[in-house]
Amino acid sequence: RFKGKDGKYSLGGTCLNIGCIPSKALLDSSKHYEQMTKHYDVHGIAFDNPSIDVPTMIGRKDKIVKQLTGGIAQLFKANKVNYIGGSGKLLKDRQVEITNDEGTQVVQGEHIILASGSVPISIPNVEIDNEYILDNAGGLDVGKVPEKLGVIGAGVIGLELGSVWARLGSEVVVLEAVDTFLPTVDQQIAKDAKKQFSKQGQDIRLGARVTGSEMKKNQAVVSFTDKDGDQQETFDRLIVAVGRRPYTEGLLSQDAGVSLDERNFVYVDNQCRTDVPGVYAIGDLVRGPALAHKAIEEGVMVAEVIAGEHTQVNYDAVPGVIYTHPEVAWVGKTEEEVKESGEAYKTGAVPFAANGRAMAAGETGGMVKFVADEKTDRILGMHVVGPQASELIQQGVVAMEFGATIEDLQLMVFGHPSL
Ligand code: NAD
């Protein structure tokens, strides 16, 4: 369903077109700018008038997107995978109706995988125009740095896109309905992250539920309710990032036979089978975290199931990452989850302030925390806020996949100095 800026169908879904990859490209550019303007002086490096050319930054991002989506087209070709651009609808008996500019056609599948992903949730009285009031896609294509940027939702998208524009000089205010910051993240980690983001000047207001917005003289006047009652705040640009929902519009004909659950996700078993034999569904369309790496593994699992192999995604070891600075990353259970389950557990946390490599890099904020089973010593969760958390967490994934204990990690030799 995605088309590139050239109007041609573009493979790779949300992740490559308007999600993970373009946001990381902008996060990288903005991080360079922030380092130059705020953090190089301690190294004795000085610049005269550093500046940011936003169209060049956006152009670089578009080039990366084009390279990767084009890469998928090449992979398809190399692996003899045909594709047809258009909107697909599942009919009965494993048939798919495809509609595009050329008309409608029906293809028959022996096996079918539904992978239509998700779309942003909208909130009443806040109308996305992608000029002033932006969804995640619009938030990646702003033509110049907004003076004052409002972000609705302190979730993953809100924090990442807010970071991009804050680093480039926007005054950023994040309005979050819930009182707890990152409620699904280990709270010791979340509190530390919030402290660091606030210290950087990001104005994250918890318990602030947005009720509407109105355009006045090219500015968005946002109404919200917090502990002090009804409030208003005016922004030059507004990013709406209040979650995503499965994209099922037009996906299923009435007699397709595939059921949805109470939250409108396509209902699947542990191996992504729908109610119709031979029809599978994966990714954001089904239960579990809306993450590209989870979707990819489900796709691989389904291909293996179809090929008659024994296989299973380990849903207990799917990492999560927020690519802010510092990054936040985790795998397994939070301390709160383990506590609630009643299991006997122990925790340990080491701050980066005690780490030589972190000191040398000037990145001493944050920590690594482990949650482990009190009796067996087996690792139940790893949680990081700090430098390169996105890369460090992969060690936790490997450890958990191998059923490692804390002692196993202690017996391993790691390069010194390293994070
Ligand atoms: P989210 O669910 O992470 O956060 C949405 C936030 O908006 C919540 O905290 C919610 O309380 C708040 N909210 C809802 N209504 C509100 C209102 N009226 N006023 C104020 N706040 C309100 O959703 P998201 O950030 O939009 O991200 C969507 C999905 O995309 C996530 O599931 C995430 O997994 C995925 N994603 C992942 C990455 C990554 O892996 N790095 C990056 C981007 C997106």
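## Helices, a cavity and a pocket

The buried residues of helix α9 are Ala-389, Ser-390, Leu-392, Ile-393, Gly-396, Val-397, Ala-399 and Met-400, where buried means under 20% relative accessible area with a 1.4 Å probe and protein chains only (exposed is over 50%, partly exposed in between). Seen down the axis of α9, these buried residues fall within an arc of 165°, so they line one face of the helix; the arc is that of the directions from the helix axis to the C-beta atoms. An α-helix has 3.6 residues a turn, so residues three or four places apart point the same way.

A word on the model: it is predicted, so local features need pLDDT of at least 70 and side-chain atom pairs count only at pLDDT 80 or more, while totals for chains, interfaces and linings use all residues. Residues are numbered from 1 along each chain as its sequence is written, and side-chain values use heavy atoms, with hydrogens and water left out.

Helices (H or I, at least four residues) and strands (E, at least two) are DSSP runs, numbered from the N terminus. Among the elements covering the buried residues of α9 are β16 (320-322), β17 (327-332), β20 (379-386) and α10 (406-410); contact means heavy atoms within 4.5 Å. Just after α9, Gly-403 takes a positive phi of about 65°.

Helix α6 can be read in a similar way. Its buried residues are Lys-294, Ala-295, Glu-298, Met-301, Val-302 and Val-305. They cover an arc of only 120° around the axis, which puts them on the same side of α6. Their packing partners are β4 (112-114) and β15 (279-281).

| Helix | Length | First to last C-alpha | Expected span |
|---|---|---|---|
| α9 (389-401) | 13 residues | 18 Å | 18 Å |
| α6 (292-306) | 15 residues | 21 Å | 21 Å |

On a 1 Å grid over the protein atoms alone, a cavity is a set of points where a 1.4 Å probe fits but cannot get out, and a pocket is an open set with protein on both sides within 12 Å along at least five of seven lines; lining residues have an atom within 4 Å of a point. The structure holds 1 cavity of 30 Å³ or more. The largest cavity has about 40 Å³ of space, and its lining includes Asn-136, Ile-157 and Arg-244.

Of its 35 lining residues, Lys-31, Gln-35, His-325, Pro-326 and Glu-363 lie nearest the centre. Helix α2 supplies the largest share of that lining, 9 residues. Buried residues of α2 (20-39) include Leu-26, Tyr-33 and Gln-35, and their cover includes α1 (13-18), α3 (54-78) and α4 (156-167).

Gln-196 sits in helix α5 (187-199) and is buried, with a relative accessible area of 18%. Leaving aside neighbours within four places in sequence, Gln-196 is in contact with Pro-326, Gly-365, Gly-366 and Val-385. Val-142 lies in the loop between β6 (133-134) and β7 (148-152) and is buried at a relative accessible area of 4%. With neighbours within four places in sequence left aside, the contacts of Val-142 are Val-54, Ile-58, Leu-134, Trp-165 and Arg-237.

Key. Points joined across faces, edges and corners; volume = space filled by probe spheres on them. Expected span 1.5 Å × (residues − 1).
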